Amino acid sequence: MLCDRCHKNQATVHLHQVEGGKVKKLHLCEGCCGELGLDLESPVSVADVMLGMGISTTQERKGGRRLKCEWCGLTASAFKKTGRVGCPRCYQTFEKEVLQLVRALHRHDRHVGKVPRRGRSGPPCRASLRDLREALRKAVAEERYEEAARLRDLINEHEKGQASTTTA
Amino acid sequence: MNTKRDKRPRRPRKSVVDRFFARGHSWLTRADSQDVVISSRVRLARNLATHPFPERCTPEKRKEIWDTLRTVVLGLPELEKAISVEMTALTELDKLFLLERHLISRDFMETGEGAGLVALHDGRVSIMVNEEDHVRLQVVLPGLELTSAWEAASRLDDGIDAAVGYAFSSRLGYLTACPSNVGTGMRTSVMVHLPGLVLSQEMEPIVRGLTKIGLTVRGLRGEGSEAAGNIFQISNQVTLGEGEGEIASNLSQIVQEVVEHEVNARMRLWQKNPVILQDHILRAYGVLSHARLLTTKEALDFLSSLRLGVILGILDGVGINDLRKLMEECQPAHLQKAVGRRLSSRERDFERARLVREVLRPEEEAGGATPREVE
């Protein structure tokens, strides 16, 4: 059996991944495993497999770009190896790879749950702004003007915050 | 830690063994008192927006984060009376004890400076600081109470967020060190006792079914542990694309179905093969009440059978709570804490067997029937 990646060498590593009740099989040669950064001594994780394949396509397309997070210094290969990111900003730096992994793990790529009530720090977020606007609309409709005024101030504050982070 | 074993209520002296078949199927009609669900747990993974995740922080930074979060968390009204401790200040035995209490993870035992725990004495709320994420907030409630646990966790979560500001993205939700937790950062899990399904060999299709719908089934001690004492943890895997309330209520519904399967399995065992069931339970009693050496796994497995026996009315004279307590106390670190020193594996097995006999047959142990020491 030939390697699924290089289609040249004999595949000696056979990975099985269960996804949505279906078993996906991946056959690789040792050389490709090395290039993908799969450590054969340690148990192989889904992240290894998904990212390994993902990054190989990125490399083919972009001629092997070297990504590194500016904030925490995590490299693409370190991320690929552990499947873990180093800081909140890595989610932007490795957006493509992270989203690929996230979709494979969760079969979704959009958060629909709790949105933090913003404290004194952290970037304002669109979802909470949307919630605030909705709450404002409701408050006005129900003639709760005091609440509406409070919400209006909060929205202004958030919008100001957003403008300053986008210009920064 | 309970060191006053002598204050343990004395059990009625009649032999436990005589009382099987005493009762009918009363347990079948009391679906809520089946004692299938032991506890519900909600865990939230959170990170500060201002720092890299713990693994990419220097020990000094981690220390700084621990100091900040410790102050914030202890300032929450619910956690005023919580204990807080840094991992480096603990012995291996203490850490193992906390692990057995489900207050810390195995990975957390290995962490260095700046890793700390804030927890309530009763273990209902615990917060690991600088584990894989800056904050791992956990709420555990007895019985099937996922929604309440989520609500309690969310309130504490708001309190911490207001003070420190979490890393959050409108698209991916709460940002975590491992993308497998991103989104809600929430893992809900329910600890269940499933001796009926194990005995009737129905566990495998159930595990397969649960896995198919995105749930994970693990043993007593979570990730990678084997199922001792027929105790399993069922938990959600997906943290993105579903709301927290939805995740909690979905898991609750599924657990209720598993409970139903378990109850049915027990009923079938009872109706089809009462002798086999009796034999299974009374053998366990036999071993537990006479053995001089018991490994943890052995003790947990046999105690699980006794638990089933008590629930089915096959065994009498020992309470569910005594058994629950024993299952906890017979674990290695608990035993060593009770004795007050480190014990070798053989010594632990001996102490464990003694502890179990003491609870199951207090008269024999207190009276003349003490074993001659053979070593």
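Reply: Beyond four places in sequence, B:Leu194 touches B:Val36, B:Met203, B:Asn230, B:Phe232, B:Val258 and B:Glu262. B:Leu194 lies in the loop between strand S8 (186-193) and helix H6 (195-199) of chain B.

Me: How many residues lie between the positions of B:Leu194 and B:Arg266 in sequence, and how far apart are they in space?

Reply: They are 72 residues apart in sequence. From C-alpha to C-alpha, the distance is 9.3 Å. For chain B overall, take the contacts with a separation of 6 or more: 70% of them join residues 24 or more positions apart.

Me: What makes B:Ser126 buried?

Reply: Its relative accessibility is 2%. The cut-off is under 20%, so B:Ser126 counts as buried. B:Ser126 sits in strand S4 (residues 125-129) of chain B. Leaving aside neighbours within four places in sequence, its contacts include B:Leu103, B:Leu117 and B:Arg136.

Me: Why does B:Glu351 count as buried?

Reply: B:Glu351 has 16% relative accessibility. That is under 20%, so B:Glu351 is buried. Its place is in helix H13 of chain B. Not counting residues up to four places away, B:Glu351 touches B:Leu335, B:Val339 and B:Leu343.

Me: What covers the buried residues of H11(B)?

Reply: The cover includes strand S10 (231-236), helix H10 (296-312), helix H12 (332-339) and helix H13 (345-360) of chain B. Among the buried residues of helix H11 are B:Ile320, B:Leu323 and B:Met327. Over the 375 residues of chain B, 55% count as buried.

Me: Why is A:Cys69 in no disulfide?

Reply: A search of the whole structure finds zero disulfides. For A:Cys69, the nearest cysteine sulfur is that of A:Cys87, 3.6 Å away. A:Cys69 is buried, at 2% relative accessibility.

Me: What makes A:Lys114 and B:Asp157 a salt bridge?

Reply: Their closest N and O atoms are 2.7 Å apart. The cut-off is within 4 Å, so the pair counts. The pair crosses between chains, from the loop between H5 and H6 of chain A to helix H5 (residues 146-164) of chain B. A:Lys114 is buried at 12% relative accessible area, and B:Asp157 is buried at 1%.

Me: How do you know that B:Asp158 also pairs with A:Lys114?

Reply: Here the closest N and O atoms are 2.9 Å apart. That is within 4 Å, so this is a salt bridge too. B:Asp158 lies in helix H5 of chain B and A:Lys114 in the loop between H5 and H6 of chain A, so the pair joins two chains. Both B:Asp158 and A:Lys114 are buried.

Me: How many salt bridges and polar contacts link the chains?

Reply: Between chain A and chain B there are five salt bridges. There are also 15 residue pairs in polar contact, both residues at pLDDT 80 or more. On the side of chain A that touches chain B, the largest share, seven residues, comes from H5(A). In total, 39 residues of chain A contact 46 residues of chain B. The two chains bury about 3400 Å² between them, 58% of it on carbon and sulfur atoms.

Me: Why are B:Glu92 and B:Lys95 about one helical turn apart?

Reply: They are three residues apart in helix H3 (residues 92-100) of chain B, which means about one turn. An α-helix has 3.6 residues a turn, so residues three or four places apart point the same way. The side chains of B:Glu92 and B:Lys95 meet in a salt bridge, 3.6 Å from N to O.

Me: Is B:Glu92 buried, partly exposed or exposed?

Reply: B:Glu92 has 45%, between the 20% and 50% cut-offs, so it is partly exposed. B:Lys95 has 8%, so B:Lys95 is buried.

Me: Where is confidence lowest in chain A?

Reply: It is lowest in helix H2 (residues 46-62), at a mean pLDDT of 47. Chain A averages 71. Where pLDDT is low, the predicted coordinates should not be read in detail.

Technical notes. Residues numbered from 1 in each chain as written. Chains lettered and ligands numbered in written order. Heavy atoms only, no water. pLDDT = per-residue confidence, 0-100. Helix = DSSP H or I, 4+ residues; strand = E, 2+ residues; numbered from the N terminus. Disulfide = S-S within 2.5 Å. Buried < 20%, exposed > 50% of the residue type's maximum accessible area, 1.4 Å probe, protein only. Contact = heavy atoms within 4.5 Å. Buried area = accessible area lost by both parts, 1.4 Å probe. Polar contact = N/O pair within 3.5 Å; in protein donor to acceptor, adjacent residues only side chain to side chain.
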